[in-house]
Amino acid sequence: ENLELGALCYQRAGQVDKAIKIYDTLWAGNKSLAWPLKKAACYAQAGKNKEAIDVYSLVIKQSPGDEIALLERGKLHSKLGHNKEALKDFTTAIDSTP
């Protein structure tokens, strides 16, 4: 719990590299997909869109219907002008909604 709070503090302070390291530590101890989702958000916050897309892709590989990962990856694809990929992610997210 303290690690998660520390990562959140670093992220809010713009020190995303420190937050990412903590999320990696948390992921190593508990394979909850919450940690890579937060890590990807850090990458996106830092403007490292390729890295964020890669992490969201990891989440989607492990949980193909993860709406958050699909939507966030779609937003990044759209931001980079990858409209076909964005549309595919958005469509998959909508289709996987119960």
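Helices, here and below, are DSSP runs of H or I with at least four residues, numbered from the N terminus. The model is predicted, so that local features need pLDDT of at least 70 and side-chain atom pairs count only at pLDDT 80 or more, while totals for chains, interfaces and linings use all residues. Residues are numbered from 1 along each chain as its sequence is written, and side-chain values use heavy atoms, without hydrogens and water.

Glu 85 lies in helix H6, residues 83-95. Its relative accessibility of 39% makes Glu 85 partly exposed, a class between buried (under 20% relative accessible area) and exposed (over 50%), with a 1.4 Å probe and protein chains only. Along the chain, Glu 85 and Leu 5 are 80 residues apart, and their C-alpha atoms are separated by 34 Å.

Helix H2 comprises 14 residues, 16-29, and its first and last C-alpha atoms are 20 Å apart, close to the expected 20 Å; the expected span is 1.5 Å times one less than the number of residues. Its buried residues are Val 16, Ala 19, Ile 20, Ile 22, Tyr 23, Leu 26 and Trp 27. They lie on the same side of H2 because they cover an arc of only 165° around the axis, taken from the directions from the helix axis to the C-beta atoms. On the other side, Lys 21, Ala 28 and Gly 29 are exposed.

The cover over the buried residues of H2 includes helices H1 (2-12), H3 (34-45) and H4 (49-62), where contact means heavy atoms within 4.5 Å.

Definitions and conventions. Helix = DSSP H or I, 4+ residues; strand = E, 2+ residues; numbered from the N terminus.
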